[in-house]
Amino acid sequence: NPIHALGIFIGLAQRLGDGAPRQRSVTVTRMSGGESLTGIPQAAWVDLDVRAPSAITLDRLRQELERAAHAVARDASSHDLSRPLSVQIIPLGERPA
């Protein structure tokens with residue numbers, strides 16, 4: 001279920017943003033998935049606001065988030081090989097912390 005996998009990823013993302021105060025942050029700003037109460041969702045997505053005090057720290061954090069997303073998708077897909085999950089990452093902007 002893509003939403004179950006998304007929930008796992010959100011938990012991991014939150015922990016990645018829990019660095020030393022003011023060093024980096026990951027905030028879930030929006031999430032969605034599914035089209036009905038009784039249907040198995042075909043997709044799920046999340047918007048993250050990712051901030052860090054330097055470009056190097058921000059790049060490392062983005063790489064960690066990407067690795068986490070792919071790892072969660074691989075793990076979730078291993079339970080149902082007929083419906084593998086995929087990850088698509090779309091940067092929405094660049095802003096300083």
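Which elements do the buried residues of H2 pack against? They pack against H1, strand E1 (25–33) and strand E2 (44–51). Let me build up to that.

First, the ground rules. This is a predicted model, where local features need pLDDT of at least 70, side-chain atom pairs count only at pLDDT 80 or more, and totals for chains, interfaces and linings use all residues. Residues are numbered from 1 along each chain as its sequence is written, and side-chain values use heavy atoms, with hydrogens and water left out.

Now the layout. The protein chain has 2 helices and 2 strands. Helices here are DSSP runs of H or I with at least four residues, strands are E runs of at least two, and both are numbered from the N terminus. The order from the N terminus is α-β-β-α. Along the principal axes, the C-alpha atoms fill a box of roughly 40 × 25 × 20 Å.

Some totals. Of the 97 residues in the protein chain, 23% are buried. Buried means under 20% relative accessible area, exposed means over 50%, and partly exposed is in between, with a 1.4 Å probe and protein chains only. Contact means heavy atoms within 4.5 Å. Among contacts with a separation of 6 or more, 58% join residues 24 or more positions apart.

Next, the core. The largest nonpolar core has 15 residues. By that I mean buried Ala, Val, Leu, Ile, Met, Phe, Trp, Tyr and Cys residues joined through side-chain atoms within 4.5 Å. Those with the most contacts inside it are Phe-9, Ala-13, Val-26, Val-50, Leu-61 and Leu-65. Helix H1 (2–16) and helix H2 (55–78) each supply at least two residues of this core. Take Ala-13. Beyond residues up to four places away in sequence, Ala-13 touches Val-26, Leu-48 and Leu-65.

Back to H2. This helix has 24 residues. From first C-alpha to last, H2 reaches 35 Å, close to the 34 Å expected at 1.5 Å a residue. That expected span is 1.5 Å times one less than the number of residues. Which residues of H2 are buried? They are Thr-57, Leu-58, Leu-61, Leu-65, Ala-68, Ala-69, Val-72, Ala-73 and Ser-77. As a reminder, an α-helix has 3.6 residues a turn, so residues three or four places apart point the same way.

One residue from that list. Ala-69 lies in helix H2. Why does Ala-69 count as buried? Because its relative accessible area is 13%. Leaving aside neighbours within four places in sequence, Ala-69 is in contact with Phe-9 and Val-87.

Over to H1. Gln-14 is found in this helix. Gln-14 counts as partly exposed, at 39% relative accessibility. Its C-alpha atom is 9.8 Å from that of Leu-48, 34 residues apart along the chain.

Last, the strands. Arg-30 sits in strand E1. Apart from neighbours within four places in sequence, Arg-30 is in contact with Trp-45, Val-46 and Asp-47. Ala-44 is found in strand E2. Is Ala-44 buried or partly exposed? Partly exposed, at 27% relative accessibility. With neighbours within four places again left aside, Ala-44 is in contact with Pro-2, Ile-3, Leu-6, Ser-32 and Gly-33. The C-alpha atoms of Ala-44 and Gly-34 are separated by 6.8 Å, and these two are 10 residues apart along the chain.
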